Amino acid sequence: DELLGTIDDAQINAALSENESPLYGLDGPMVLVHDDSDKDGIVDSGEKAYLLVSMRRGGRNIYALDISNSSVPKLAWEIKGGVTSGFEKLAQTWSTPQIGKIKGYDGTVVAFGGGYDEDQDAITGNRQNDDIGNAIYIVDAWTGSRVKTITNSGGDINISAMNNGIASGVRLVDINNDGYAERLYAADVGGRVIRVDLEAENGAGTGGILADVNEGDAAGNRRFFTEPEIGYLSQGQRYLVITIGSGNRPDPLSNTVTDRFYAIKDYDIFQEKDWDSFTPYTHANNDFLDITTNLVQMGTEEQQQVVIEDLQDSNGWFYTLPNTGEKVLSKALIANYAVMFTTYSGERSDDISPCEASATTGTARFYALDLRHGGARFSEIDGNEDDLDTDDRSTTLNLPGLPPPPQLIIPPPEITGRSEVVAIVGLDFLLRWSDRFKAIYWEQLIDATDDD
């Protein structure tokens, strides 16, 4: 009944003029949660299953529909942002809920970001704090009751610099593969990457800002609308690598900000981070190495050696997107030592006449960067299989509009004639490699509490 009163507006909206705002309803992502995680998302007869629905531009609520009996669906629970007690900071519900389990709670949970404060639509200059959305919620999957809130004040875990909304999904990470997430990563529309240690010595948990890539001016007002993708590397030191790209999704045609893709190191894998002594990684402190020019592959032997040493000393690397207005608007994918992502750069053409609509044109691209140093990873991406060079970093997609994130598929060998993994975007088959694991090195963690 939340949208019942908008039926007349929806009819009027069908004849939308150029200067009117569109009408949104249930515009957010949907996620299935069921009581048997071994069934690959297939709901069997008698199995308990809920469909979680968020609203995105349509509003501040999240709904859980009981579809255990698909012939008789019913509302199981609902959370109303700004109305339901404990969810006062829940803004427009853009975040895709993530399902998992956490230590200290006996049951399945759902984690999601606090959402998008629509006041951000009017901000074109420096970063500004949000009134709502600057929170992370963890709730019981079957009741919707609040389990834990992470925010800047008044939460179960408080991080003072959480000042902007979290429109993207959050990542629950099971560090030791015991079935419970000990860690959570998130990113906000102010350009911050947030780490939360859910399992802490005091039982409450701790957290802080791992990185802040916002540079304080209009060109450096980078915003994150995608959830982080997490990888693991061991190159002299063991660390998690948090990969994410910036881009203002509500305004995909803007060209004010210089957007970038980041790979950020997090060295404290198996233990809590000492937030009292930790300083967030920033551009001002030169924590990130600029690998845009690809000297690691295209430089002289001396330049390559300098880059390798600088990569070891840095706390991550960044790649500046080369085209005007180019943005990362979908989640990255890590596989085979590559981080793959899509971008979009668009522009609106001038009106031909007052009676004709504006046309929008744009270019979608696919990138595959080597996770270890940001160079090219696959030699065939530019159409040939010569040595790796800068052209092998990306290719243009044959897709209109905003591209989806990359996906991996493993086609049946009888169809392709070989056993392989294929990276696709939409219907574009972009990369292929053998599905046989190739051992490059191995390591055994003798004491998981010692990260030296």
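Trainee: Where is the place of Thr-93?

Mentor: Strands are DSSP runs of E of at least two residues, numbered from the N terminus. In this structure, Thr-93 lies in the loop between β4 (74-80) and β5 (98-100). The model is predicted, so local features need pLDDT of at least 70 and side-chain atom pairs count only at pLDDT 80 or more, while totals for chains, interfaces and linings use all residues. Residues are numbered from 1 along each chain as its sequence is written, and side-chain values use heavy atoms, with hydrogens and water left out.

Trainee: Is Thr-93 buried or exposed?

Mentor: Buried means under 20% relative accessible area, exposed over 50%, and partly exposed in between (1.4 Å probe, protein chains only). Thr-93 counts as buried because its relative accessibility is 2%.

Trainee: Which residues does Thr-93 touch?

Mentor: Contact means heavy atoms within 4.5 Å. Leaving aside residues up to four places away in sequence, Thr-93 touches several residues, including Ser-54, Arg-56 and Asn-61. A polar atom of the Thr-93 side chain lies 2.8 Å from the backbone oxygen of Asn-61.

Trainee: What is the order of the strands in the open sheet?

Mentor: Two strands pair if DSSP finds at least two bridges between them. Here five strands form an open sheet in the order β14-β15-β16-β19-β18, with mixed pairing. Its edge strands, β14 (229-235) and β18 (289-290), each pair on one side only. β14 pairs with β15 (residues 237-245) in the antiparallel sense over seven bridges, and Gln-235 stands opposite Gln-237 in β15.

Trainee: Where is the place of Thr-320?

Mentor: Thr-320 belongs to strand β19 (residues 316-320). Thr-320 counts as buried because its relative accessibility is 17%.

Note on methods:
Helix = DSSP H or I, 4+ residues; strand = E, 2+ residues; numbered from the N terminus. Polar contact = N/O pair within 3.5 Å; in protein donor to acceptor, adjacent residues only side chain to side chain.
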